[in-house]
Amino acid sequence: MTSALFSPIKLADLELDNRIVVSPMCQYSADDGSATDWHLGHLGMLANSGAALVVVEATHVERRGRITHGCLGLYSDDNEAALARVLAHCRRIGTAKLGIQLAHAGRKASSQLPWQGGLGLKQNEDAWETIAPSAIAFGNAWHAPRAMSRDDMDRVRDAFVSSARRALRLGFDAIELHLAHGYLLHSFMSPISNHRTDEYNGSAEGRLRFPLEVVAAVRAMVPRSVPLGARITGSDWLDGGMTPDDAAVLAKALKQAGLDFVCVSSGGITSEVKIALGPGYQVPFAEKVRREAGIPTRAVGLIATPQQAEAIVTEGKADMIALARAMLDDPHWGWRAAQVLGAEVKRPPQYARAAPKLWPGAAYRG
Ligand SMILES: Cc1cc2nc3c(=O)[nH]c(=O)nc-3n(C[C@H](O)[C@H](O)[C@H](O)COP(=O)(O)O)c2cc1C
């Protein structure tokens, strides 16, 4: 049996052994943006999950662009040194390639950790000023952001480039820009959050202008050999918001701008959004984007079983599959999927005896 999920794929010059990706997952465990021992354990574990690529959580390009006080950043030398330690660990012990998601939280910044409420920080919780395309809060319990000036936009664009430069220096195998979940770049693209009266609104083209400026600036700095992609939104799930058609238009523009892949997610543009959740609920968005834009596409969202992931790739709905919660539940998800689908997967030699297919007849030697 040949598995499509376990077939290799190449993004720019990066060769991946299979199409399984660990989705970026905020851990809210950083110290002023710097990775901690938690990240050593968490990412070290996922580096041996069988996924060919692990994408490090949303890593913010400015201190004020962090979602919470615990979010990862790549805006200082300390941040870079802390991440270097984690990467060295993952490379030493793990099998996966390592990507990073670069982000700016925009009007969703200055929030509490999820397990402390997840709402906007109170003034006595060291809150900070947030920035966004327009001075419209994400929800009643969040801060009203300041509408960005052209200077702010220049600074944010340059911060993305600077963090991408640090990511390259760290040797990340892939870089992904966060253009989804209601964070800054998505909030420029959605008519729900962008009410500007300048050239950064007025039409779908105007709303894409600033995100595409950021993409172009980062692409100009990142060598073509290194895959650069984006996580985009398939739908705002709101009347008047972004639609699957908008996602396809965006993906075409990103391909044109030289990006190597997209990951299609959805939701998060306001605190009110309700999503019709179900197995593979975002896969139709990925399928449409892949078909219409012709760019390597990753599907994500309630993909939990190996058979489900295999079918999505076999049926040509996506080129890669990202998993988040299923990987936390079973950090060897890729190993189990390989057994189920009759495929080979890399394991560290210390755990080779957990691989009956690789070692048929190997006796337990205590
Ligand atoms: C703990 C946690 C943290 C997350 N952090 C991020 C993040 O940093 N960036 C991002 O784009 N998505 C983030 N997400 C969303 C996931 O990457 C993924 O898109 C979503 O959970 C749906 O996939 P799943 O059904 O496999 O969990 C997070 C999800 C979880 C559960």
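Which residues of α5 are buried? This is a predicted model, in which local features need pLDDT of at least 70, side-chain atom pairs count only at pLDDT 80 or more, and totals for chains, interfaces and linings use all residues. Residues are numbered from 1 along each chain as its sequence is written, and side-chain values use heavy atoms, leaving out hydrogens and water.

Select helix α5, residues 204–221 (helices are DSSP runs of H or I, at least four residues, and strands runs of E, at least two, numbered from the N terminus). Its buried residues are Gly-206, Arg-207, Leu-208, Phe-210, Pro-211, Val-214, Val-215, Val-218 and Arg-219 (buried means under 20% relative accessible area, with a 1.4 Å probe and protein chains only).

Next, show α6 with helix α7 (residues 283–293); their axes come within 9 Å and cross at roughly 45° (axes are lines fitted to C-alpha atoms, for helices over the stretch in contact, with angles from 0 to 180 degrees between N-to-C directions). The contact (heavy atoms within 4.5 Å) includes Ala-248 and Lys-252 of α6 and Phe-285 and Val-289 of α7.

Finally, select helix α1 (residues 37–46) and helix α2 (residues 77–93), whose axes come within 9 Å and cross at roughly 30°. That makes α1 roughly parallel to α2 (angles under 35 degrees). Contact residues include Leu-40 and Leu-43 of α1 and Val-86 and Cys-90 of α2.

Conventions: Expected span 1.5 Å × (residues − 1). Buried < 20%, exposed > 50% of the residue type's maximum accessible area, 1.4 Å probe, protein only. Parallel < 35°, antiparallel > 145°, perpendicular 65-115°, else oblique.
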